[in-house]
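Welcome! Keep the structure open while you read.

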Amino acid sequence: MLQAFRQHLDADLDFLKDSRLLLAISGGLDSVVLAHLCHKLDLKVSFAHCNFNLRGAESDADEEFVLALSEDLELEIFIESFETEVYAEEEGISIQMAARELRYNWFSELAEQLNFDYILTAHHVDDNLETFLINLTRGTGLEGLTGIPEVSDKIVRPLLPFSRETLEKYAISEHMKWREDSSNASTKYLRNKLRHDIIPILKQMNPQLLQNFKTTISNLQDSQDLIEDAVLEVQKKVVEVADNQIKLNIKKIKKLSNPKAYLYQLLKDFNFTAWHDVVHLLDAQSGKQVFSSTHRLLKDRDFLLLSEIDSASQENPISILIEDREVKTLVGHLFFDQVDAISETSKNTIYADADQVKYPLTLRKWQEGDVFYPLGMNGKKKLSKYFKDEKLSLIEKEHIWILFSGEEVVWVIGKRADDRFKVTENTTNILKIELR
């Protein structure tokens, strides 16, 4: 086992040899074996142990065990105690999910604060098979069947090629001691049911199950690589990015061999689940939209517009007093200065006749029915018509803010000033308004 582990590091994880490593140690068989292997190979390892306070005295005994192990191996150890049940209730998640979040958040904080290069966990091939079967039973895309990654950012799983049986034989041969988690014996959790009831039957049916599984995972990962290459080429053709907004060209998507599959691949990282509704947007009326927990997909004529969900459209109006010289807004900082003359204007800088401006000014989102007198034009125009003429998308229109003097528009922020407040030869006081 030691020789196989050394060869695996040499071939695939050589970068670990010169790195500072934080090893997640539970006291169970897997993490204890990993700890001994790393110690025998003189890797720069420190321990991190989580006490989730879920099993009373048993949890405390686990903590005492890993403390003793760290002393035996003369390795640094960090221990954190969590109120896991309280956290789960506050966040509205399961105990298992709460423990996972608490564990990985703490590992990441430790690694960042103390300059550890990588975090080691003791997942092995049996864990990988269980995860595969869980995803299979729940329904998943190809990425859910490609298994646990051996390296994911700072998380590294050096035991992933090895079986639990191999680890146990090695531990027994080396006279190691470890802790058994009593909760692992319960089959009320899906993972444990698979571990104790289903996978043993599969192994009886095929003794080469784990080896064949590793081959299957490798093949699926190769297929996933091909898909990602294909999606990248399609993305270059159908996706445009501008002003924090992603635009997907509907006509080009509909010409693809499988629009549904490509939409899934293009949008899978944005937390959408209602994929039937996403596909229906291709033929929906403009204005139709689908939401995920973090993003919105909006049909706007020839494009699907992807944007993050924010509270910008719900913000209250901002009142600006005559003495205000800098005002922080969602679109940037507005600066108000009295100047002697007009210099260069831009879409983010206007000049107004200060004597025509009535305070307090009001900054708010535009609303249907708003009108203004575009600078340089005769007569008034509805903002909705102005936006249409400017070919603004629905999302761009949602992010337009208007500066008002009383009921009159002074400036469509970042777009156009109102002619009624322009500086003329009769102006004696000039107000410069700038968006930065």
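## Before we start

Buried means under 20% relative accessible area, exposed means over 50%, and partly exposed lies in between (1.4 Å probe, protein chains only). Helices (H or I, at least four residues) and strands (E, at least two) are DSSP runs, numbered from the N terminus.

This is a predicted model, in which local features need pLDDT of at least 70, side-chain atom pairs count only at pLDDT 80 or more, and totals for chains, interfaces and linings use all residues. Residues are numbered from 1 along each chain as its sequence is written, and side-chain values use heavy atoms, with hydrogens and water left out.

Find strand E1, residues 20–24: four of its five residues are buried, so the strand is mostly covered. Two strands count as paired if DSSP finds at least two bridges between them.

With strand E2 (residues 44–51), E1 pairs in the parallel sense over five bridges; here Leu 22 stands opposite Ser 46. E1 also pairs with strand E4 (residues 118–120), in the parallel sense over three bridges, and Tyr 118 is the bridge partner of Leu 21.

## An open sheet

Now look at another set of strands. In which order do the five strands of the open sheet lie? The order is E12-E16-E19-E20-E21, with antiparallel pairing. Strands E12 (318–320) and E21 (416–417) are the edge strands, each pairing on one side only.

E12 and strand E16 (residues 361–365) are joined in the antiparallel sense by three bridges, with Ser 319 opposite Thr 362.
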